[in-house]
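Trainee: I would like to go through the terms used for this structure and set each one against its definition.

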Amino acid sequence: MAALAHPSSQNHLFTKLSLRPKKFTPPSRIRMSLQENAPSLAVVGVTGAVGQEFLSVLSDRDFPYRSIKMLASKRSAGKQLTFQDRNYTIEELTEDSFDGVDIALFSAGGSISKHFGPVAVDKGTIVVDNSSAFRMEEGIPLVIPEVNPEAMEGIKVGMGKGALIANPNCSTIICLMAVTPLHKHAKVQRMVVSTYQAASGAGAAAMEELELQTREVLEGKPPTCNIFKQQYAFNLFSHNAPILSSGYNEEEMKLVKETRKIWNDKNVKVTATCIRVPVMRAHAESVNLQFQQPLDEDTAKDILKSAPGVVVIDDRASNHFPTPLEVSKKDNVAVGRIRRDLSQDGNQGLDIFVCGDQIRKGAALNAIQIAEMLL
């Protein structure tokens with residue numbers, strides 16, 4: 001991404017890893033994003049990992065806009081950033097920030113969203129929120145554009161009123177991108193998910209800590225454990241989300257509840273185990289499926305090969321299947337290890353392995369695809 005002038009200690013690693021200076025506008029390309037009749041945008045949390053990815057995806061997809069506000073905390077206000085060869089001053093997020101804003105992309109945490117999201121809506125802004133603040137609220141669409149675009153039907157820029165649309169959790173998006181095409185064909189009755197989640201899901205500071213710990217462990221030093229309260233480098237552990245009285249953690253229950261809402265099916269059985277692994281920015285998920293109707297693995301492969309936003313990597317001969325590195329900074333979710341579940345009779349079950357970029361399709365890309373549907 002074009003250079004931020006203020007890599008704080010908290011997001012320095014993310015800047016170094018993912019925001020290497022590069023031109024947003026190749027010389028041979030005419031930039032069509034900045035248009036007089038396009039909507040006005042605001043990016044809330046612009047200095048964070050997902051906020052920066054919002055800008056990258058907006059640029060990559062030539063999202064049309066007539067103006068864009070860069071909003072962040074008071075600490076970042078006044079600092080400069082460059083986007084599409086133009087310089088912007090980061091503004092402090094206030095209740096007046098949304099005057100004249102058509103679409104606001106939020107990724108600044110649940111408490112910020114809960115306070116400022118309704119304020120923006122009252123001012124006529126359509127909010128696409130990446131936090132968990134509104135996902136399970138009745139009447140608020142929870143949307144993956146390739147999966148349930150009908151959930152936000154009728155919400156458009158220029159309709160004269162604000163609205164709020166929730167971005168699902170990253171692990172839910174990556175899972176359902178692969179599973180939904182199969183669900184539509186044979187109806188999933190039960191889904192068992194084991195996730196292997198990257199540092200980026202915990203933010204830029206967690207990515208920095210993973211790199212720092214890796215150096216420290218290799219040098220024989222005790223690892224710095226500020227974000228995670230245990231060694232992360234060369235280790236894995238149960239996801240750091242709070243544990244509930246049921247024994248599940250909050251991350252696991254997001255997968256359960258969000259799947260039911262997105263599929264509009266309260267009866268589908270979902271269980272999950274979420275694990276944090278020392279990978280930088282892409283999640284992996286092992287998914288076991290039980291179907292109502294038979295579905296053989298060859299048919300499943302054909303369905304997935306034609307599914308939007310999905311790429312099949314399933315080469316048994318060379319033992320080549322999806323990896324987090326292959327999908328990092330990529331838009332598509334990769335799926336492989338597609339095979340019949342031998343523990344189930346006939347063709348009633350499948351096992352698959354899915355990888356997707358947590359910051360991109362798991363957050364920023366999905367939000368901007370939602371925003372594209374508002375135009």
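This is a predicted model: local features need pLDDT of at least 70, side-chain atom pairs count only at pLDDT 80 or more; totals for chains, interfaces and linings use all residues.

Trainee: Why are α2 and α9 called oblique to each other?

Mentor: Helices here are DSSP runs of H or I with at least four residues, strands are runs of E with at least two, and both are numbered from the N terminus. Axes are lines fitted to C-alpha atoms, for helices over the stretch in contact, and angles run from 0 to 180 degrees between N-to-C directions. Under 35 degrees counts as roughly parallel, over 145 as roughly antiparallel, 65 to 115 as roughly perpendicular, and the rest as oblique. Helix α2 (residues 49–60) and helix α9 (residues 360–373) pack at about 55°, with axes 9 Å apart. The pair α2 and α9 is therefore oblique.

Trainee: Which hand does the crossing of α2 and α9 have?

Mentor: A crossing is left-handed if the near helix is turned anticlockwise from the far one by less than a right angle, and right-handed if clockwise. That of α2 and α9 is right-handed. On the α2 side the contact (heavy atoms within 4.5 Å) is made by Val-50, Glu-53, Phe-54, Ser-56, Val-57, Leu-58 and Asp-60, and on the α9 side by Arg-360, Ala-363, Ala-364, Leu-365, Ala-367 and Ile-368.

Trainee: How do the residues of the contact of α2 with α9 divide?

Mentor: Ala, Val, Leu, Ile, Met, Phe, Trp, Tyr, Cys and Pro count as nonpolar, Asp, Glu, Lys and Arg as charged, and the others, Gly among them, as polar. The contact of α2 with α9 has nine nonpolar, one polar and three charged residues.

Trainee: What makes α4 and α6 oblique to each other?

Mentor: The axes of helix α4 (residues 170–186) and helix α6 (residues 250–263) come within 10 Å and cross at roughly 40°. By the cut-offs, α4 and α6 are therefore oblique, and their crossing is right-handed. Among the α4 residues that meet α6 are Cys-170, Cys-175 and His-183, and among their α6 counterparts are Glu-251, Lys-254 and Trp-263. This contact of α4 with α6 comprises seven nonpolar, five polar and three charged residues.

Trainee: Is Cys-175 buried or exposed?

Mentor: Buried means under 20% relative accessible area, exposed over 50%, and partly exposed in between, with a 1.4 Å probe and protein chains only. Cys-175 has 0% relative accessibility, so Cys-175 counts as buried. Cys-225, at 27%, is therefore partly exposed.

Trainee: What is the phi of Lys-329?

Mentor: Most residues other than glycine have a negative phi. Lys-329 is not a glycine, yet has a positive phi of about 65°. Lys-329 lies in the loop between α8 (324–327) and β14 (333–340), and with a relative accessible area of 40% is partly exposed. Asp-62, also not a glycine, has a positive phi of about 50° and is found in the loop between α2 and β2 (67–72).

Trainee: What makes Lys-114 exposed?

Mentor: The relative accessible area of Lys-114 is 54%, so Lys-114 is exposed. Lys-114 is in helix α3 (residues 110–122) and, not counting residues up to four places away in sequence, touches Ala-133 and Phe-134.

Trainee: Is Pro-64 buried or exposed?

Mentor: The relative accessible area of Pro-64 is 18%, so Pro-64 is buried. Pro-64 lies in the loop between α2 and β2. Leaving aside neighbours within four places in sequence, Pro-64 is in contact with Ser-33, Gln-35, Ala-38, Pro-39 and Leu-375.

Conventions
Residues are numbered from 1 along each chain as its sequence is written. Side-chain values use heavy atoms; hydrogens and water are left out.
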